[in-house]
Amino acid sequence: MEAETKVTLDAIRGWLVAENPKAPVGDVEQYAHQMLSYFEASVSVLVLGAVVAHPRTAAPMENPHLKVRTASLSAMQKLRRIKRTDVAWCAVKNAIDKAAKEASDGS
């Protein structure tokens, strides 16, 4: 897998189907959507932090993506028919690490 692989819904689907060829399409689809939500929420938390400014009042508040990330992880754990996810998780981890590095380099 290339280091520059983009994490997209289609890419996640492809990785999951390759590792789980007999998995039901619905389970693959649900897992892929939850993994993409997890990825996007994780990047948001890394870039913006766990505490962000409220959009109207500018008061400090918990980053709402913390709850999205937790809910997505929980939903993926319930999809037991998706057995092999190493390729997808490696790609997501690498993309999250890259986003974290870019965020820290830019600050």
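The largest nonpolar core of this predicted model holds 24 residues. Within this core, Val 7, Ile 12, Leu 16, Tyr 31, Met 35 and Phe 39 touch the most other members. H1, H2 and H4 each supply at least two residues of the core. The largest share, eight residues, comes from H2. In soluble globular proteins, nonpolar side chains tend to be buried together.

Take Met 35 as an example. Beyond its neighbours within four places in sequence, Met 35 is in contact with Ile 12, Met 76, Ala 88, Trp 89 and Val 92.

Next comes a residue of helix H4. Asp 97 is found in this helix, which covers residues 86-106. The side chain of Asp 97 makes a polar contact with the side chain of Lys 93. Asp 97 and Leu 46 lie 51 residues apart along the chain, with their C-alpha atoms separated by 9.2 Å.

How confident is the prediction? The mean pLDDT of the protein chain is 92. Of its residues, 94% reach 70 or more. Among the elements of the chain, helix H1 has the highest mean pLDDT and H4 the lowest. Where pLDDT is low, the predicted coordinates should not be read in detail.

| Pair | Atoms compared | Distance |
|---|---|---|
| Asp 97 and Lys 93 | side chains, polar contact | 2.6 Å |
| Asp 97 and Leu 46 | C-alpha atoms | 9.2 Å |

Conventions:
Residues are numbered from 1 along each chain as its sequence is written. This is a predicted model: local features need pLDDT of at least 70, side-chain atom pairs count only at pLDDT 80 or more; totals for chains, interfaces and linings use all residues. Side-chain values use heavy atoms; hydrogens and water are left out. Helices (H or I, at least four residues) and strands (E, at least two) are DSSP runs, numbered from the N terminus. A polar contact is a pair of N or O atoms within 3.5 Å; within protein, one must be able to donate a hydrogen and the other to accept it, and residues adjacent in sequence count only if both atoms are side-chain atoms. pLDDT is the predictor's confidence in each residue, from 0 to 100. A nonpolar core is a set of buried Ala, Val, Leu, Ile, Met, Phe, Trp, Tyr and Cys residues joined through side-chain atoms within 4.5 Å. Buried means under 20% relative accessible area, exposed over 50%, partly exposed in between (1.4 Å probe, protein chains only). Contact means heavy atoms within 4.5 Å.
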